[in-house]
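Take a look at the model below.

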Amino acid sequence: MKFANSKNPSERNAKTDAKIAALLDKPPEAPVAAHGDQSIVLVTRIRLARNLAENPFPGWAKEAQRGAILAKCEDAVSRIPQMKRSTTLKMTELTEVERDVLVERHIISRELSASKQGSGVIISRDLGSAVMINEEDHLRIAVLKPGLQLKRLWSAISAIDDALEDTLDYAFNAKLGYLTACPTNLGTALRASSMMHLPAMVITGQMEKVVRAVNQLGLVVRGLHGEGSDASGSIFQISNQTTLGESEASILKRLSGVLETIVDQEVNARERLLDGDARKLYDKIGRAYGLLKNSYVLSSTEALNLLSLVRLGAGVGVFPENSRPRIDQLFTLCQAGHIQYAEKTAKAAPERDTFRATMLRAEFENFTRPDFNLSGKN
């Protein structure tokens, strides 16, 4: 696959083309609505940072050292049962657009996407686990699942970590814990986060208060793509901020309690919107539906904000609940990398905005019409 205005990646052949296409041509996974909190908690993720003893951190390593670390880690990861039949991608194999698609699917970080020679990622067959190699640390192990499933995620990632530690000599200090490139990751080197859809709290102006309260509890609130990103679509990532001096169990228990509280607050905010003046809420949802169905130009931010309101509509009964998984897919498919990948060319923003609107018009042409039952509402 070739992309206009993109440099051809090195180390690329027909076999690599097929491997990359097999992964990226699949639509993003649509979560099955198996958990009651899933209308608010989209995805939960746990990440562990690990480094190899007596090796320079990736930012200090020479190219030959990075290559040797990549080969050693790739071999170790590919051998463990949890990563059987996984897909390995080197960053030098990928075009910029392909990297963007992986970032938008939350499989790799923007830091890995921008990394140099000697970096890669190993992705499990079900896309639920990934190991980034030579990002900020030698290994960034990550697992993710839909909904709020911290216990299951910890069990899964702990098993991967233990299997790798059997063959890799981790950099560890009895006092400081796991040694990492960034001091804020010392200790457990665990980051747990949930991506939450909080439109009612945004509409009612409660998010600033939530952010302050969360920060006081040693947690942090970020946007859709983590640090430095905005909260387009009323999507926020909430994660632990410190890892030193606290056990994994304690971190996860504290985070879980905060996330459950935020879920309750979002549910209450939705109820207040319906009880206060349902017509205003329904008007926002109806206008969003109309724009998605009829617009000819849509930026990614505008599309995400409109989809957010339609997703809220599914949460308050305006649209059927079974429409929500498709909306979740559209959150990903309307982002810039996916638009360019679908078009097989690196398009400029105005062309992307036109294509995005065309895609969403087609999608909403056959979408279930909103059901505004105003009986008994103000």
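## Ground rules

Buried means under 20% relative accessible area, exposed means over 50%, and partly exposed lies in between (1.4 Å probe, protein chains only). By that rule threonine 345 is buried, because its relative accessibility is 17%.

This is a predicted model: local features need pLDDT of at least 70, side-chain atom pairs count only at pLDDT 80 or more, and totals for chains, interfaces and linings use all residues. Residues are numbered from 1 along each chain as its sequence is written, and side-chain values use heavy atoms, with hydrogens and water left out.

Helices (H or I, at least four residues) and strands (E, at least two) are DSSP runs, numbered from the N terminus. Contact means heavy atoms within 4.5 Å.

## The sheet

Strands of a sheet pair through backbone hydrogen bonds, either parallel or antiparallel. Two strands count as paired if DSSP finds at least two bridges between them.

## Strand 5 and its partners

Strand 5 (residues 139-146) pairs with strand 4 (residues 129-133) in the antiparallel sense, over five bridges. Methionine 132 has arginine 140 as its bridge partner. Isoleucine 133 is bridged to leucine 139. Strand 1 (residues 41-50) also runs antiparallel to strand 5, joined by eight bridges. There, alanine 49 stands opposite arginine 140.

Strand 4 and strand 5 form a hairpin with five residues between the strands. Asparagine 134 takes a positive phi near 60° in this hairpin. Glutamate 136 is in the loop between the two strands. Is glutamate 136 buried or partly exposed? At 35% relative accessibility, glutamate 136 is partly exposed. Not counting residues up to four places away in sequence, glutamate 136 touches Pro58, Ala181, Cys182 and Asn185. Its C-alpha atom is separated by 9.0 Å from that of serine 115, 21 residues away along the chain.

## Helix 9 against helix 12

Two packed helices are described by the angle between their axes and the distance between the axes. Helix 9 (residues 300-315) and helix 12 (residues 349-365) pack at about 20°, with axes 10 Å apart. That makes helix 9 roughly parallel to helix 12. The cut-offs are under 35 degrees for roughly parallel, over 145 for roughly antiparallel and 65 to 115 for roughly perpendicular, with the rest oblique.

Ser300, Ala303, Leu307 and Val310 in helix 9 meet Asp353, Arg356, Leu360 and Phe364 in helix 12. The residues of this contact divide into five nonpolar, one polar and two charged. Ala, Val, Leu, Ile, Met, Phe, Trp, Tyr, Cys and Pro count as nonpolar; Asp, Glu, Lys and Arg count as charged; the others, Gly among them, count as polar.

Aspartate 353 lies in helix 12. Aspartate 353 is buried, at 17% relative accessibility. Leaving aside neighbours within four places in sequence, aspartate 353 is in contact with Tyr296, Val297, Leu298, Ser299 and Ser300.

Why is helix 10 (residues 324-333) largely enclosed by the rest of the structure? Nine of its 10 residues are buried, so the structure largely encloses it. Among the buried residues are Ile327, Leu330 and Phe331. The cover includes strand 1, helix 3 (96-104), strand 10 (235-240), helix 9, helix 11 and helix 12.

Threonine 345 sits in the loop between helix 11 (336-343) and helix 12. Threonine 345 and valine 97 are 248 residues apart in sequence, yet 8.5 Å apart in space, C-alpha to C-alpha.

## Cysteines

A disulfide is counted as a pair of cysteine sulfur atoms within 2.5 Å. The count here is zero. Cysteine 182 is in no disulfide: the nearest cysteine sulfur, that of cysteine 73, is 19 Å away. Cysteine 182 is partly exposed, at 22% relative accessible area, whereas cysteine 334 is buried, at 0%.

Technical notes
Axes are lines fitted to C-alpha atoms, for helices over the stretch in contact, and angles run from 0 to 180 degrees between N-to-C directions.
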